[in-house]
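Trainee: I would like to learn how to read a structure of this kind feature by feature, with the general idea set out before the particular case. Could we go through it together?

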Amino acid sequence: MGSRARAVEIVRRFRRLRALVVGDVMLDSYLEGTASRLCTEGPVPVLRKLAEERAPGGAANVAANLRALGAKVDLVGLVGMDPAAGLLRAALAERGVPDSGLVADDRVETLHKLRILADDQYVVRFDEGETAGAGAAVHADLATRFEAAFERCDVVVVSDYRYGVVSDGLLQRLRVPRAERPVPLVVDSKDLSRFRGVGATVVTPNLLEARLVVEPSGRLDGQVDLPEGEAIGRRLLAAIGAEQAAITMAGNGVLLVSRDGAARHIPAHPVARANDVGAGDTFTAALALALGAGAPASRGVEIGVDAAGIAVSRRRTAVVGHQELLQRASLRDEGAEAGTTGAAALTQVARALEEARLAGRTVVFTNGVFDILHAGHVRFLRAAKSLGDVLVVGVNSDRSARSLPGERWPINGERDRLALVAALDAVDHAVLFDEADPAAAIRALRPHVHAKGGDYADEPLPEAAAVAEVGGRVAILPLAGGPSTDEVVDRILSQALGAEAGTQR
């Protein structure tokens, strides 16, 4: 897959993948209250409990993100036989992650981080749990489960917080099968020096973790500019033998350094109030799946940054969904293609469709303005996709939409409308067209089927001649029901006017 493969195409492949996560699983708990007075027993606030939340943490959060992004997941980790283990298993089940790879041992305590918040501000974090007491038989069980899951996975993620699950013995078990099945390996570890010779595809340290490998006794504070970060990355790769290092730098984005010396900085998305709890796990999960989908590391880091940009805007330990990432990826694609003409984009899609036709796949085309996307649009596009194998949607440009008889001027701009349509699961390709009707696009794309809604059943189609020229057929689909875009707009205006009238009374 080329380095400029569209991000949407890569993210769509996530649902075909199976990922294996091994590492230190944790339970993240949040107790939230409101502070109304000080305690008479000491100068501390008294909190009235408002909410309690449990979420998978550590390696379990990586697994939860992989599942939310569409992949099947195997998770190998260690828990105790305690209430925290039960809560963690329940949290995993809620997120669709099987717990069959978790080894339970009554000599260990499940890792648990309890955060207490007052009026959305952190007060304190309690850490409990200890897994160092696990015996040799437990570690052998972990290795056996890892090897069994490895046989069916497309990508491996190691999430090592140095609590002991990723033992030296397990690292040795990791080297041997990858020599026979070199699937992508992403390593996120608090001690990367232990991974020398493992042959990781990408390691994902933060800047401090990378520096500790190459400068164990050096300074650990102060600002680092990009040239210095690149030098640290190259020394890191030379020290541990990984192929590439994606060095995370919080709000400054990610610095990707390759073994051949190349380096690239991928900036982060600006967020007004960032919450970085678990965002690194989201980044790692999206990067790993992109590699598993065949993308180069540079493209994978872009997609990982997109996913993390969504996660940091959330409260608590959050996961990012497949559809959410598709939308962000679509916006990235549109930004990358903004400098090309509509004709160039149409040509790119036409080439992709030629390959589909050669493979015997049926191409379906439909078109519309798609302003204020609603459930009726989604149902119609799914019905159109059911007519064939590949669905291409032509989206009216702002100029062409304004020329349509009786059509409102679009509320959303053409790039936003195109990005939202392209992100829908049913849509394989979306292109802008600038004419009053899609005849030129149909001649360029040559679909087998041109799908239209039932409201066109009694009207002649201006593009019908173009459909006949390319040997296609017109399919009229029944209307899916629900409000039209005009009705949605009218409802919004009515509610807004009603609210304004209410404030004036």
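Trainee: By how much of a helical turn are Phe 146 and Phe 150 separated, and why?

Mentor: The general idea is that an α-helix has 3.6 residues a turn, so residues three or four places apart point the same way. In this model, which is a predicted one, Phe 146 and Phe 150 belong to helix α4 (residues 136-150), and because they are four residues apart there, about one helical turn separates them.

Trainee: How many aromatic pairs does the structure hold, and how are the rings placed?

Mentor: The count comes to one aromatic pair. The ring centres of Phe 146 and Phe 150 lie 6.1 Å apart, and because their planes meet at 40°, which falls between the limits for stacked and edge-to-face, the pair is classed as tilted. Phe 146 is buried, with a relative accessibility of 0%, and Phe 150 is likewise buried at 0%.

Trainee: Which residues have the most contacts inside the largest nonpolar core?

Mentor: The largest nonpolar core has 60 residues, and those with the most contacts inside it are Phe 14, Val 21, Leu 75, Leu 289, Val 301, Ile 303 and Leu 325. Helix α8 (residues 279-292) supplies the largest share of this core, namely nine residues. There is also a second, separate core of 42 residues, among them Val 76, Leu 170, Ala 210 and Val 214.

Trainee: What does Phe 14 touch, leaving aside residues up to four places away in sequence?

Mentor: With those sequence neighbours set aside, Phe 14 touches Leu 69, Gly 70, Ala 71, Ala 286, Leu 289, Ala 290, Ala 293, Ile 303, His 322 and Leu 325. Ala 91 is buried at 4% relative accessibility, and beyond the residues up to four places away in sequence it touches Arg 54, Ala 55 and Pro 56. Ala 91 and Arg 54 are 37 residues apart in sequence, while their C-alpha atoms are 6.6 Å apart in space.

Trainee: How does strand β11 pair with β10 and with β12?

Mentor: Strand β10 (residues 202-203) pairs with β11 in the parallel sense over two bridges, and Val 203 stands opposite Ala 245 in β11. On going to β12, β11 is joined by five bridges and the two strands run antiparallel, with Val 257 in β12 as the bridge partner of Ala 245. β11 and β12 form a hairpin with five residues between them, and Ala 250 in the turn has a positive phi of about 50°. Because four of the five residues of β11 (residues 244-248) are buried, this strand is largely enclosed by the rest of the structure. Strand β12 (residues 254-258) is in turn joined to β13 by four bridges, again antiparallel, and Leu 256 stands opposite Arg 264 in β13.

Trainee: Where does Arg 162 lie, and is it buried or exposed?

Mentor: Arg 162 has a positive phi of about 70° although it is not a glycine, and its place is in the loop between β8 (155-160) and α5 (168-180). At 57% relative accessibility, Arg 162 counts as exposed. Arg 446, also not a glycine, has a positive phi of about 55° and lies in the loop between α15 (439-445) and β17 (449-453). Arg 446 is partly exposed, at 36% relative accessible area.

Trainee: How many disulfides does a search of the whole structure find?

Mentor: A disulfide is a covalent bond between the sulfur atoms of two cysteines. The search of the whole structure finds zero disulfides. As for individual cysteines, Cys 39 counts as buried at 19% relative accessibility, the limit being under 20%, and Cys 153 is buried at 0%.

Methods:
Residues numbered from 1 in each chain as written. Predicted model: local features only at pLDDT ≥ 70, side-chain atom pairs only at ≥ 80, totals over all residues. Heavy atoms only, no water. Core = buried A, V, L, I, M, F, W, Y, C linked by side-chain atoms within 4.5 Å. Buried < 20%, exposed > 50% of the residue type's maximum accessible area, 1.4 Å probe, protein only. Contact = heavy atoms within 4.5 Å. Disulfide = S-S within 2.5 Å. Pairing = 2+ DSSP bridges. Phe/Tyr/Trp six-rings, centres within 6.5 Å; stacked < 30°, edge-to-face > 60°.
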